[in-house]
Amino acid sequence: PDATFASMSVDNQGRLYHGFPDFRNGGAPCTGRARTATPPCDQDVFYSYSTDGGASFSAAYQITPAGSAQWQPWSAVTSDGSTLWVAYYDRSYGNCEFTGCNDITLARISNPASASPGIKYIRLTTASMPNLVVPNNPVQAGFLGDYMWVTVDPKGRPYVVWADTRGLNGSVEEDMYFATYP
């Protein structure tokens with residue numbers, strides 16, 4: 001459920017930033033239960049912000065490009081509110097939308113509390129993560145782990161941690177990975 005995969009961050013001016021996945025652009029042929037849906041599945045990541053302590057929020061801004069599944073975002077904002085960092089699972093690379101492999105993308109959103117934010121994408125994974133299926137992982141098949149975290153240091157650099165299925169020596173297992181940018 002999308003409602004369980006959202007994050008909230010706050011800058012020094014008290015502005016709130018809410019990152020969340022949403023299937024509003026989805027539809028045929030990707031319908032029905034996720035296990036039996038036929039791709040492409042246009043799941044997207046959005047954010048909205050509040051300047052009044054959460055009494056109201058801006059319209060949702062779509063972070064991810066259309067055409068494939070992106071979900072489970074986590075975000076953090078710089079203390080001055082100039083940059084919102086959002087990391088998410090992404091199937092837009094290669095043929096992942098159809099094979100089930102995954103990557104992690106980090107979106108750098110400049111001026112996020114404005115009418116015209118700028119977005120830059122950074123692929124954090126150096127290769128796509130294999131999908132967990134019964135032949136390679138019968139215990140965890142279909143489950144990637146719902147663990148990700150983003151934080152920002154005092155200089156505004158993001159630090160991202162996620163569950164990754166690229167194990168050592170070509171094995172398919174879940175391990176924790178870490179990246180920072182730049």
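Which residues form a disulfide, and how far apart are their sulfur atoms? C96 and C101 form the link, with the sulfur atoms 1.9 Å apart; a disulfide is here a pair of cysteine sulfur atoms within 2.5 Å. One disulfide is present in the structure. The link of C96 and C101 is left-handed, with -100 degrees about the S-S bond. Both C96 and C101 are buried, where buried stands for under 20% relative accessible area, exposed for over 50%, and partly exposed for values in between (1.4 Å probe, protein chains only).

The model is a predicted one, in which local features need pLDDT of at least 70 and side-chain atom pairs count only at pLDDT 80 or more, while totals for chains, interfaces and linings use all residues. Residues are numbered from 1 along each chain as its sequence is written, and side-chain values use heavy atoms, with hydrogens and water left out.

The protein chain contains one helix and eleven strands. Helices (H or I, at least four residues) and strands (E, at least two) are DSSP runs, numbered from the N terminus. Along the sequence, these elements follow the pattern β-β-β-β-β-β-α-β-β-β-β-β. The radius of gyration of the protein chain is 17 Å, close to the 16 Å that the globule rule gives for 182 residues, so the chain is as compact as a globular protein of that length. The radius is taken over C-alpha atoms, and the globule rule is 2.2 Å times the number of residues to the power 0.38. Along the principal axes, the C-alpha atoms of the protein chain fill a box of roughly 50 × 35 × 25 Å.

Of the 182 residues in the protein chain, 43% are buried. The accessible surface of the chain comes to about 9100 Å², and carbon and sulfur atoms hold 55% of this surface. Accessible areas come from the Shrake-Rupley method with a 1.4 Å probe; for residues, only the protein chains shown count as cover. Among the contacts in the protein chain with a separation of 6 or more, 49% are between residues 24 or more positions apart. Contact means heavy atoms within 4.5 Å.

An open sheet of four strands has the order 1-2-3-4, with antiparallel pairing; two strands pair if DSSP finds at least two bridges between them. Strand 1 (7-10) and strand 4 (61-62) stand at the edges with a single partner strand each, so one side of each has no neighbour in the sheet. Strand 1 runs antiparallel to strand 2 (residues 16-22), and four bridges join the two. Within this pairing, S7 stands opposite G19, and the bridge partner of M8 is H18. The hairpin of strand 1 and strand 2 has five residues between the strands, and G14 takes a positive phi near 85 degrees there.

The covered face of strand 1 consists of S7 and S9, and the uncovered face of M8 and V10. S9, which lies in strand 1, is buried, with a relative accessible area of 10%. Leaving aside neighbours within four places in sequence, S9 is in contact with R15, L16, Y17, S75, A76, V77 and L84. The C-alpha atoms of S9 and T78 are separated by 9.3 Å, although these residues are 69 residues apart along the chain.

A further open sheet of four strands has the order 5-6-7-8, also with antiparallel pairing. Strand 5 (70-77) and strand 8 (118-123) each have a single partner strand and stand at the edges, so one side of each is left without a neighbour in the sheet. On average, neighbouring strands of this sheet are turned by 25 degrees against each other, direction ignored. For such angles, axes are lines fitted to C-alpha atoms, for helices over the stretch in contact, and angles run from 0 to 180 degrees between N-to-C directions.

Strand 6 (residues 83-90) and strand 7 (residues 103-110) run antiparallel and are joined by eight bridges. L84 stands opposite I109 in strand 7, and Y89 has I104 as its bridge partner in strand 7. Strand 7 is mostly covered, with six of its eight residues buried. Strand 7 also pairs with strand 8 in the antiparallel sense, over six bridges. In strand 8, K120 is the bridge partner of R108.
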